[in-house]
Amino acid sequence: KKKVIIDCDPGIDDGFALVLALKCEELDILGITTLGGNIQAIAAAKNALKILKLMGRLDIPVYMGAEGPLKRKLVTAKEVHGKDGLGNAFLEEADEALIHNNSADFILETLRNNEDVSIVALAPLTNLAIAMEKDMETFNKVKEIVSMGGAFRVPGNCSPVGEFNYWVDPHAVQYVLENIKAPFTMVGLDVTSKVVLKPEHMELFRHFNTPVSKFLYDASRFYLDFYWEHEKIIGCLVHDALALAYFVDNTLADGLHSYVQVATEGIAMGQTIVDEKNFYKRNPNCHVLTRVHADKFFDMFFNKVFPEFK
Ligand code: BDR
Ligand code: CA
């Protein structure tokens, strides 16, 4: 099995990713680390617990992490994810006493005590940067990092060039990219914007009529309305679920290996600058995904999450 820590800020699409992860028998989920991003840190930790409760997996530990970015003030995305951060699905709460401290220390401890641990990062990279800064050698034992974030050939979703996770804490991504030794894959808007969850998918959630499908239905209902209001598209993007799916099955997408830096200030803040033509003669530090098989993703999602309806 692939040993993994999932770092997230649930978040509707983080919620989808967690549901999928918990249904993947290929994964050994060692812990879920959370942080402030889409919503405040404590709310993110509570949401991770709510999803574990829904899935009957409260045995997996949840950690609370960074309250906000390394150097900037936290900007949340409440309008995108609803009052509860999970599309106003208002899932049943779990006992808050189950939340541990803290994400960065757990990441380091896990990497110290285990071999071949990967991290799937579905939020700003603040926790990862903090862990790395504390103990670079241990952090660099990580097997692989798959990070949802960035935008290469497509526009941003927070600024003309900034994708939310990298725009919220550009210093964290830049620090991680500068120092990472393990393979780092950027699952950016180039691929996530091509994977659109449509009303027909929601109809399946509605017909399946299980507690999990009800959550997916309620959350996507809210998300779909947001996308219509703001982008005039019928459908919503489940960014983080694609990143998780790619970690499990990397035939879902591919791209190029290149040297990448992230702009930390000014109008380009959060922009992922990909040296595709190798002007800087630096070794690649990032696998930038550019192509994706959207249908294959949805097949995987439905087959894994609802095997009973195959
Ligand atoms: C990313 O930002 C958050 O709103 C989502 O959860 C995802 O991680 C998309 O830009
Ligand atoms: Ca997220």
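Helices (H or I, at least four residues) and strands (E, at least two) are DSSP runs, numbered from the N terminus. The views below show a predicted model, in which local features need pLDDT of at least 70, side-chain atom pairs count only at pLDDT 80 or more, and totals for chains, interfaces and linings use all residues. Residues are numbered from 1 along each chain as its sequence is written, while chains are lettered from A and ligands numbered from 1 in the order in which they are written.

**View 1. Gly11 and the surroundings of ligand 1.** Let's start in the loop between β1 and α1, which holds Gly11. The peptide bond that leads from Pro10 into Gly11 is cis, with omega near 5 degrees. Gly11 is also among the closest of the 15 residues that surround ligand 1, together with Asp13, Phe164, His239 and Asp240. Two or more shell residues come from each of α1 (12-22), α7 (164-168) and α12 (239-248). A residue belongs to this shell if its C-beta atom, placed from the backbone, lies within 6 Å of the ligand. By type, the shell has six nonpolar, five polar and four charged residues. Here Ala, Val, Leu, Ile, Met, Phe, Trp, Tyr, Cys and Pro count as nonpolar, Asp, Glu, Lys and Arg as charged, and the others, Gly among them, as polar.

View 2. Nine strands line up in the order β4-β3-β2-β1-β5-β6-β7-β13-β10, with mixed pairing. Two strands pair if DSSP finds at least two bridges between them. At the edges stand β4 (99-101) and β10 (253-258), each with a single partner strand, so one side of each has no neighbour in the sheet. From one strand to the next the twist averages 30 degrees, using axes that are lines fitted to C-alpha atoms and angles that run from 0 to 180 degrees between N-to-C directions.

**View 3. Strand β2 and its partners.** Seven of the eight residues of β2 (residues 27-34) are buried, so the rest of the structure largely encloses this strand. Buried means 20 or more other C-beta atoms within 10 Å of a residue's own, exposed means 12 or fewer, and partly exposed lies in between, with C-beta atoms placed from the backbone. Strand β1 (residues 2-8) runs parallel to β2 and is joined to it by seven bridges; look for Val4, whose bridge partner in β2 is Ile29. The path from β1 through α1 to β2 is a right-handed β-α-β crossover: with the strands pointing away from the viewer, the path from the first strand over the helix to the second runs clockwise. Strand β3 (residues 62-64) pairs with β2 over two bridges, in the parallel sense, and Ile32 stands opposite Val62 in β3.

**View 4. Helix α2 between β2 and β3.** Helix α2 (residues 41-54) carries the chain from β2 to β3 in a right-handed β-α-β crossover. Of its 14 residues, 12 are buried, including Lys46, Asn47 and Lys50.

View 5. Three bridges pair β3 with β4 in the parallel sense, and Met64 faces Asn101 across them. Asn101 is joined to Asn102 by a cis peptide bond, with omega about -25 degrees. Asn102 sits in the loop between β4 and α4 (103-113).

**View 6. Two loop residues with positive phi.** Phe90, in the loop between α3 (78-81) and β4, is not a glycine, yet has a positive phi of about 45 degrees. Asp116, in the loop between α4 and β5 (117-121), is not a glycine either, and has a positive phi of about 55 degrees.
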